[in-house]
Amino acid sequence: MSISAQHQVLFNGIIHAFKEISPKQVTIQSPSSFTAPNMHLEYSVLIDVIGDVKARMIIDSNHNSFQKLCESLYGFQIDGELLESFVGEFGNMVAGKLCIYSAEHNIQLDITTPTVMVSETHLPISTQTFTLPISMDEIGHVTMLLSIEAS
């Protein structure tokens with residue numbers, strides 16, 4: 001499988017994961033290259049993807065959108081450390097579904113423990129990075145960043 005075909009499987013797996021997890025309507029825009037030397041994050045979770053493809057997956061949004069997402073999934077709002085824990089677990093849900101989807105397409109992946117970042121964070125960009133804007137009705141906007149490392 002070519003590198004670009006592997007990348008397409010990653011994008012399709014992420015789209016599949018969000019549509020399967022979210023109880024609300026999900027609208028996903030086309031991915032685009034992220035060319036800034038740094039990314040500014042507000043409230044996010046970082047998970048490294050390892051295996052046939054090496055990448056960093058970052059789900060970034062804001063406090064309010066993650067609260068609404070939790071409420072839509074579980075029926076109640078949380079805050080503080082519980083919300084931070086939820087953000088990490090949401091990242092695990094997306095990454096886990098990505099791994100299952102990729103395995104069905106002959107790409108073996110594994111994930112690392114999520115790292116939750118809860119304040120303004122700036123990460124340097126040194127690899128090929130794509131942004132995938134995602135909207136969930138009644139929840140808000142999420143930005144999926146996927147930094148793919150050269151093989």
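Tyr43 has Ser61, in strand 5, as its bridge partner, and strands here are DSSP runs of E at least two residues long, numbered from the N terminus. What I am showing is a predicted model, in which local features need pLDDT of at least 70 and side-chain atom pairs count only at pLDDT 80 or more, while totals for chains, interfaces and linings use all residues. Residues are numbered from 1 along each chain as its sequence is written, and side-chain values use heavy atoms, with hydrogens and water left out.

Let me turn to the strands. Strand 4, residues 43-51, runs antiparallel to strand 5, residues 55-61, with seven bridges between them, and a hairpin of three residues links the two; strands are said to pair if DSSP finds at least two bridges between them. Strand 4 also pairs in the antiparallel sense with strand 7, residues 115-117, over three bridges, and there Leu46 is opposite Thr115. With strand 6, residues 109-111, strand 4 again makes three antiparallel bridges, and Val49 faces Ile111.

Leaving aside neighbours within four places in sequence, Ser61 is in contact with Glu42, Tyr43, Phe66, His141 and Val142, contact meaning heavy atoms within 4.5 Å. As for His141, its backbone oxygen lies 2.6 Å from a polar atom of the Ser61 side chain.

Conventions: Helix = DSSP H or I, 4+ residues; strand = E, 2+ residues; numbered from the N terminus. Polar contact = N/O pair within 3.5 Å; in protein donor to acceptor, adjacent residues only side chain to side chain.
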